[in-house]
Amino acid sequence: MDQLLLLALVALGLPLLSFVLVIFNQRALDQRAHLISIPAVAFSFGLSLYIAWLKLQTGAAALGPYEWSIDWIRFGIIPGFGPLTIPASVLIDNITAIMMVVVTGISVLVHVFSIGYMRSDERYARYYAFLGIFTFAMLGLVLSSNLFMLYGAWELVGFSSWALIAHWYERPAPQYAANKAFITNRIGDAVLFTGILLLDGEFHTFNLREIFGLVGQGLPITFSLLGFSPETTLTIAGLLLFGGAIAKSAQFPLHVWLPDAMEGPTPISALIHAATMVAAGVYLMARIFPILTADAMLVVACTGAFTSVLAATIALTQTDIKRVLAYSTVSQLGLMMMAIGAGAVSAGIFHLVTHAAFKACLFLGAGSVIHAVHRAQHETNDHEWDAQDIRTLGGLRKKMPLTAYSFVVATLAVTGLPFLAGMMSKDEILSGTLAYGELQGGIAMALPVIGFIVTILTAAYMWRLTFLTFFGPPARRTLYDRIRESPLVMTAPLLLLAAASLWIWYSINPFNPETGRFLTKWVKTTVQVIPPQTAPPFRTGLNVTPHSEPFGFAIAPSATSVLESPMPHQLALSEKSRSLTPLSMWLALGSAVTGLLLALWLYLLRSKRTPSKPRSRTLGILHEIVFRGYYIDSVYNFAVVGTVLLSSRIVAWADEAVIDGVVNATARMTVILSRILGYFDRFVVDGIVTFAGAAMQFLGLMIRSLQSGRIQTYLAWVVASVIAIFIVIRYVVLALP
């Protein structure tokens, strides 16, 4: 077995092994469960780093993606469908190697942080067990080279997320949040699975590279959905796959589960809802980007842009420290989706990686604050205030310096200020969307405009959060005096994540990521294999002639060369993006500084504490609308939940009043009929039988009385009988006409 494959399988299996060992020994391990879980995931992280080093830094990268596959399940020839085989396969390319490092790296830090945060939890071992199965599921997702296995891991990610959100299931809120996340994701999963089946029906394979190769070589599609053209069918397939990404990455309109998922333990929010699970949708779209048509890309870009600005405005009004970060995550994921939709895939993946580091740092920092405030509340017996409400905090940088300054570094990163990785990745997104807007023209220019607006809003709500939490005077002096820094086991992961948010890991030049190896060597622009007539109609002067034959656009004679040959519009986008990078960088920097200064003036200089609501009535109503998330949840509750409940009540009424009524009436009729039949049987049938018996008995008695043994009696009966016969014959028989 190849060394790379063996290392990947061991890295994949270790978190699963820790899950099995811990889940079946919960009572025995109890508060020592981390002694098994942390070494397992740490070793997996070490192997991931080694795989990344082999793949990215050595000659292995020149060999291209490594793929291993065996036929897992063979269904043979399905009538009307063709051959159906389910493979078990692994793909290790640069994105896989990077994602393995991200998943296991964040996971191991969350494992360590949880030692302090979950120390007194009664389900400590169960918590670590599900951390293991979640890490295994995410690794399985990124290692899968076929859509069927990816979908299996996708579902397992959803299940383990549900279990972790519902960790404190005795409380109603986590129960509701877990079920809401589970059901919302199932909607997207159903759409995703439909897209997978559609692609398999078209190409008779689940393997992504085989699908790309078949599309790129122009092989004819034998079946088109509902009579649509092959190009339209490909667009529909891409949008169906995007449906799964919408749910998993909390994009509009299925974003509503993520803020509520904050009811789970805060380290889970860092692992699942900041760095890994929610990034799965972005990862999926980057994986299938080669077959995204222009229409599909436009939908992806517009959905991401709208989600980004929608979530950013909601984050401005939130007062719960975790909900601010949750809406921030939704907004940043929207930016990643917008980048992929605009064709800047490498920028989207770049921001996914940097965002994983600084957003995990922010979530764990929030967890450190919540942990410290809870501890102070217990010591002062003051439980009147919400520990997560930023209006009750303030000045914590003096009490919790390690937490505060790591939080500030991560805030600088998400704001997009110099010397932080977030600036470089966000600038790549903005330059990519700016290039897309200029090349596409028209309404497409709205995308970069939204990107810059989101940058201003991001800086405003993140610095509002930071100022109210760590700066200014404390809101509760008695509580403040008792607050102290979290233990080293919690602050060490914060410092490491803050360090990972610096620029140096990605490029030597903090103002130009193109000088680093991340964008130039590790994550290259993904090559599209779609028909030219379905590519974005850029105004580049490129003469792209539509082909008359469906998929008759053979770009290269082999699948390998197809996947390595960028299309003209991609080259134009890359070139344009590179030329616009300085402009977008200055615009992004100006936007970030504008948001920062606005927050500084509103929440630190002008007022010591922020008001809970604006004083203006008009602004107050607007604030309430935004604070409630534009009442999207209420609309869902009315339109979806209300409709389902109303339908359920109608069906229940029909069941009770109609179906049960018919059944009960039938039963009553059956009882009445049975009684009638019983009476008839008892008094008629049995009566006749009883009467016949009695008659025969009477007749027998009469006949027996004739047997007296006297000759005279017998002679008298004979004479009487002769006389009777004579009378009958004479007066009855002969009298007949």
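R628 is partly exposed, with a relative accessible area of 44%; here buried means under 20% relative accessible area, exposed over 50%, and partly exposed in between (1.4 Å probe, protein chains only). The side chain of R628 meets that of E624 in a salt bridge of 2.8 Å, N to O, where a salt bridge is a side-chain nitrogen of Lys or Arg within 4 Å of a carboxyl oxygen of Asp or Glu. E624 counts as buried, at 18% relative accessibility, and its place is in helix α25 (residues 617-627). Helices (H or I, at least four residues) and strands (E, at least two) are DSSP runs, numbered from the N terminus. E624 and V103 are 521 residues apart in sequence and 37 Å apart in space, C-alpha to C-alpha.

A word on the basis of these values is in order. The model is predicted, with pLDDT of at least 70 needed for local features and 80 or more for side-chain atom pairs to count, while totals for chains, interfaces and linings use all residues. Residues are numbered from 1 along each chain as its sequence is written, and side-chain values use heavy atoms, with hydrogens and water left out.

The structure holds 18 salt bridges. One of them joins the side chains of D633 and K180 at 2.9 Å, N to O. D633 lies in helix α26 (residues 632-706) and K180 in helix α7 (residues 172-203), so this pair ties together parts that are 453 residues apart in sequence. D633 counts as partly exposed at 25% relative accessibility, whereas K180 is buried, with a relative accessible area of 12%. Both residues belong to a network of salt bridges in which K180, D260, R323 and D633 are linked.

Another salt bridge is formed by the side chains of K576 and E438, at 3.3 Å, N to O. Because K576 lies in helix α24 (residues 568-605) and E438 in helix α18 (residues 421-440), the pair ties together parts that are 138 residues apart in sequence. K576 is partly exposed, with a relative accessible area of 28%, and E438 also counts as partly exposed, at 32% relative accessibility. As a general point, side chains of opposite charge can pair when their charged atoms come close.

With neighbours within four places in sequence left aside, F518 is in contact (heavy atoms within 4.5 Å) with I98, F350, V353, Y506 and V523.

Q251, in the loop between α9 (230-248) and α10 (257-260), is buried, with a relative accessible area of 0%. Apart from neighbours within four places in sequence, the contacts of Q251 are I246, T303, G304, T307, V330, L333, G334 and M337. R287, in helix α12 (residues 280-287), is buried with a relative accessible area of 11%. Under the same exclusion of neighbours within four places, R287 is in contact with L91, D93, I95, T96, V142, L208 and F212. R287 and D71 are 216 residues apart in sequence and 22 Å apart in space, C-alpha to C-alpha.

Strand β1 (residues 66-78) and strand β2 (residues 82-92) pair in the antiparallel sense over 11 bridges; two strands pair if DSSP finds at least two bridges between them. Y66 has I92 in β2 as its bridge partner. The two strands β1 and β2 form a hairpin with three residues between them, and G80 in the turn has a positive phi of about 80°.

At the surface, V719, I723, I725, F726, I727, V728, I729, Y731, V732, V733 and L734 form a nonpolar patch with about 1100 Å² of accessible area together. Patches are made of residues with over 30% relative accessible area and no salt bridge, with like charges joined within 9 Å and nonpolar side chains (Val, Leu, Ile, Met, Phe, Trp, Tyr) within 5 Å. Accessible areas come from the Shrake-Rupley method with a 1.4 Å probe, and for residues only the protein chains shown count as cover. V719 has its place in helix α27 (residues 711-733) and counts as partly exposed at 48% relative accessibility.
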